[in-house]
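Open the model in a viewer that can select residues by number.

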Amino acid sequence: MEILRLLSDYFPTAVFTGKCLVFISEDWRVELTEHRESDFSNAAPKPSVIRVRIFKKALSGEFVPGHYEDFQLASLGELAEQIEKYIQSAVGTNLREDIE
């Protein structure tokens, strides 16, 4: 969860729930979760995988899961930039301001 805590500094509109980083608006919900590799035989551990899941609000008012993408970049700055681009393309808005 350390990467998610660091990403929460990069995305000021996100909320850290203890298990994921969440962006929410009237029409969208975006969740970032961190997954670590459990292969301890590897001398040089790989960076955590950050899964970005996009949900769209349905007519019923519930958020329906859409697509997701996994990111695994060693540089925190590059990771945050690529996640930001992905989410902006998916929801069509600037994350740093707000998801609307």
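How many aromatic pairs does the count come to by this rule: rings of Phe, Tyr and Trp (its six-membered ring) pair if their centres lie within 6.5 Å? The count is three aromatic pairs; planes under 30 degrees apart are called stacked, over 60 edge-to-face, and the rest tilted.

The model is predicted: local features need pLDDT of at least 70, side-chain atom pairs count only at pLDDT 80 or more, and totals for chains, interfaces and linings use all residues. Residues are numbered from 1 along each chain as its sequence is written, and side-chain values use heavy atoms, with hydrogens and water left out.

Select Tyr10 and Phe11. Their ring centres are 4.9 Å apart and their planes stand at 85°, so this pair is edge-to-face. Tyr10 is partly exposed at 23% relative accessible area, while Phe11 is buried at 0% (buried is under 20%, exposed over 50%, partly exposed in between; 1.4 Å probe, protein chains only).

Phe23 is buried, with 1% relative accessibility. Show Tyr10, Phe11 and Phe23 together: they form one aromatic cluster.

Last, select Trp28 and Lys56. The charged end of Lys56 sits over the Trp28 ring, 4.7 Å from its centre (NZ of Lys or CZ of Arg within 6 Å of the ring centre and within 35 degrees of the ring normal).
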